[in-house]
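Open the model in your viewer and keep the selection tool ready.

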Amino acid sequence: MQKIVGIGLLGCGTVGSAVAAGLVENADAITRRTGVRCELRGIATRRSNNARAIVDDPGVDIVIEAIGGIDDAAELVERALDRGRHVITANKDLIATQGPRLIALAAARGVGLRYEAAACSAIPVVRTILDALAGDRILSVAGVVNGTTTSILSAMEDGAEYDEALAESQRLGFAESDPANDVEGVDAAHKLALLLQLAFESAVISPRIRRRGIAGITQRDVARAVERGYRIRLVAAASRTSNGAFAEVGPVLVAADHPFARTRGVENVVRIDARDAGTLLLSGLGAGGAASASPILGDLVTLLREPKSTMPRFEPAIEIAPLHDGLQRLDELPEYPLWDDSLLNPVEQALR
Ligand code: HSE
């Protein structure tokens with residue numbers, strides 16, 4: 001007889017509703033790929049106040065968390081893990097601030113915790129670090145990981161004003177519910193912390209990373225950068241040192257032909273430098289309902305195939321120093337450091 005697995009879905013916004021649709025559309029494919037039939041046992045919406053009941057339902061084996069935010073999500077994810085449910089989450093705020101603790105809890109309860117969608121939505125960067133590069137040593141992770149800021153900056157290059165470009169990003173559903181998190185670099189710092197935890201196997205949380213956002217960038221700054229052959233992009237980067245890591249999120253000037261500069265709209269690009277594999281570049285959709293549902297369903301299939309898959313055991317948090325202090329500046333645009341790829345392929349140096 002076919003095995004049946006119960007799914008509880010927390011959240012029915014942009015991501016949650018796309019997951020619900022994806023579960024229906026891909027039901028046969030998921031069964032073909034896993035031998036398991038998934039049944040959606042409940043959907044918690046913001047208004048229904050039924051999230052705890054779904055987590056507690058003995059018929060729910062896997063909880064998919066797409067409610068976002070930290071406090072309620074942390075309580076629900078912890079409750080689910082405690083009750084022996086596997087958890088898939090798209091919540092970078094949660095993983096960036098409490099990931100190491102939740103991963104340890106999942107390991108203690110013998111269940112899976114997966115979060116591919118939390119990093120860069122459709123770009124499989126978590127799998128690349130955890131699986132493809134598991135036999136290597138990652139030296140750096142960097143990229144353009146916030147679609148809202150790239151949408152704003154690329155629209156400004158086409159002549160739009162800042163406010164109008166931000167409103168468009170909100171309209172398309174790419175911005176966070178509080179878009180200050182996007183434009184102030186909080187979202188990018190969360191994603192960088194999440195990637196840094198996995199790449200350097202260290203319990204670093206996002207408040208330890210220095211960040212600056214793009215609020216205050218003017219049409220004049222954007223136009224001057226373009227005239228001089230650069231683009232302004234919010235770059236998140238972390239580079240390993242012999243005794244810690246450099247890490248920072250901030251707007252930088254990137255040469256116009258550089259992959260970071262060529263991002264537009266909600267496209268993200270992530271560069272990983274590894275000792276043996278060399279430089280990898282991954283790019284794709286970094287936001288949106290369908291682009292997040294795809295990796296969530298991918299995590300679901302992986303969990304159904306290997307429920308016992310292990311996560312790394314994190315070392316205590318390493319020392320983190322800002323990355324941009326040593327970078328050059330242009331006289332005409334002194335507030336933006338000039339991006340330099342050599343930061344990403346370090347002959348491992350000690351922290352300055
Ligand atoms: N607000 C995020 C962004 C959504 O703009 O990239 C995806 O994490």
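Which atom of the ligand is 2.6 Å from an N or O atom in the side chain of Lys 92? An oxygen atom of the ligand. The model is predicted: local features need pLDDT of at least 70, side-chain atom pairs count only at pLDDT 80 or more, and totals for chains, interfaces and linings use all residues. Residues are numbered from 1 along each chain as its sequence is written, and side-chain values use heavy atoms, without hydrogens and water.

Select Gly 147 next. One of its backbone N or O atoms lies 2.7 Å from a ligand oxygen atom. Then pick Phe 174. A polar backbone atom of Phe 174 is 2.8 Å from a nitrogen atom of the ligand. Alone, the ligand exposes 260 Å², and the protein buries 93% of that (Shrake-Rupley method, 1.4 Å probe).

Now show the surrounding shell (heavy atoms within 4 Å). Among its residues are Asn 146, Thr 148, Glu 176, Asp 182 and Lys 191. The shell divides into 3 nonpolar, 4 polar and 5 charged residues; here Gly counts as polar, and Asp, Glu, Lys and Arg as charged. Colour α8 (147-157) and α11 (186-200): these elements give two or more residues each to the shell. Helices are DSSP runs (H or I) of at least four residues, and strands (E) of at least two.

Move to the open sheet. Its 5 strands run β2-β1-β3-β4-β5, with parallel pairing; a pair needs at least two DSSP bridges. β2 (36-44) and β5 (113-114) are at the edges with a single partner strand each, so one side of each lacks a neighbour in the sheet. Finish on β1 (residues 3-10), joined to β3 (residues 62-65) by 4 bridges. Select Leu 10: its bridge partner in β3 is Glu 65.

Note on methods. Polar contact = N/O pair within 3.5 Å; in protein donor to acceptor, adjacent residues only side chain to side chain.
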